[in-house]
Amino acid sequence: MAPETLRERKQQRTREAIVDAALALFAERGFDHVTVTDIAERAEVGRSTFFRYFGDKQEVVFGDDRVADELVAAAGAAPGGVPDTLTAAIAQVRALVVPYVAAITANAALYTAHERLVEAHPELRARSLTKLRRHTETLTRVLTDRGADRETATVAAELGLACYQAARTLVDDDPERLPAAVEAAFDRLAAR
């Protein structure tokens, strides 16, 4: 969903400038050698502006969950029926996970740079796992909001995460092949 007002478009441009500056600096100097001040200066914003958008430099790496938010909003608006069986719940998880993966890998170079940065820093890997847990909790909530019992919703959400993680491993996290690999993982799960 694109920002509608002038203010929202300006905020989006500022946010993108901060992210772009941070990623460029991380690539040039390494994550550990970049400060918030460095990022703010490169983005041509003040430190206070930086902190309006992000809590710290780690959050710049993980703070952009707009894609996930938009997909969840779309899922809430889309008819899906009550996922009263595990098969139905997994189908609804698939309908959320596959477009999410396609969206995050659309810019292959950005996806690869992000994943390399995360892999190189234990604190970012830990934060990445926390983000994945939040996504799983969100999927569980979407399913329970649609009427699934807690057990079905939890198992379906966890299996959706497993399909994503297995696909990443199988294609060496190649963004060009990842969406199809996630689809294939769901296909194998459905065949069982």
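Predicted model: local features only at pLDDT ≥ 70, side-chain atom pairs only at ≥ 80, totals over all residues.
Residues are numbered from 1 along each chain as its sequence is written. Local features need pLDDT of at least 70, side-chain atom pairs count only at pLDDT 80 or more, totals for chains, interfaces and linings use all residues, and side-chain values use heavy atoms, without hydrogens and water.

Me: Why is Leu143 called buried?
Reply: Buried means under 20% relative accessible area, exposed over 50%, partly exposed in between (1.4 Å probe, protein chains only). Leu143 has 2% relative accessibility, so Leu143 counts as buried.

Me: Which residues does Leu143 touch?
Reply: Contact means heavy atoms within 4.5 Å. Not counting residues up to four places away in sequence, Leu143 touches Pro83, Ala89, Gln92, Val93, Ala148, Ala153, Ala156 and Ala157.

Me: Why is Glu41 called exposed?
Reply: Glu41 has 56% relative accessibility, so Glu41 counts as exposed. Glu41 is in helix α2 (residues 36–43). Helices (H or I, at least four residues) and strands (E, at least two) are DSSP runs, numbered from the N terminus.

Me: What span is expected for helix α1?
Reply: The rule is 1.5 Å times one less than the number of residues. Helix α1 (residues 6–29) has 24 residues, and 34 Å is expected. From first C-alpha to last, α1 reaches 34 Å, close to that value.

Me: Where does UniProt place the "DNA-binding region"?
Reply: The unreviewed UniProt entry places this feature at residues 35–54. UniProt positions use the numbering given here, feature names are shortened, and annotations may be inferred rather than shown by experiment. In the model, residues 35–54 are 75% helix and 0% strand.
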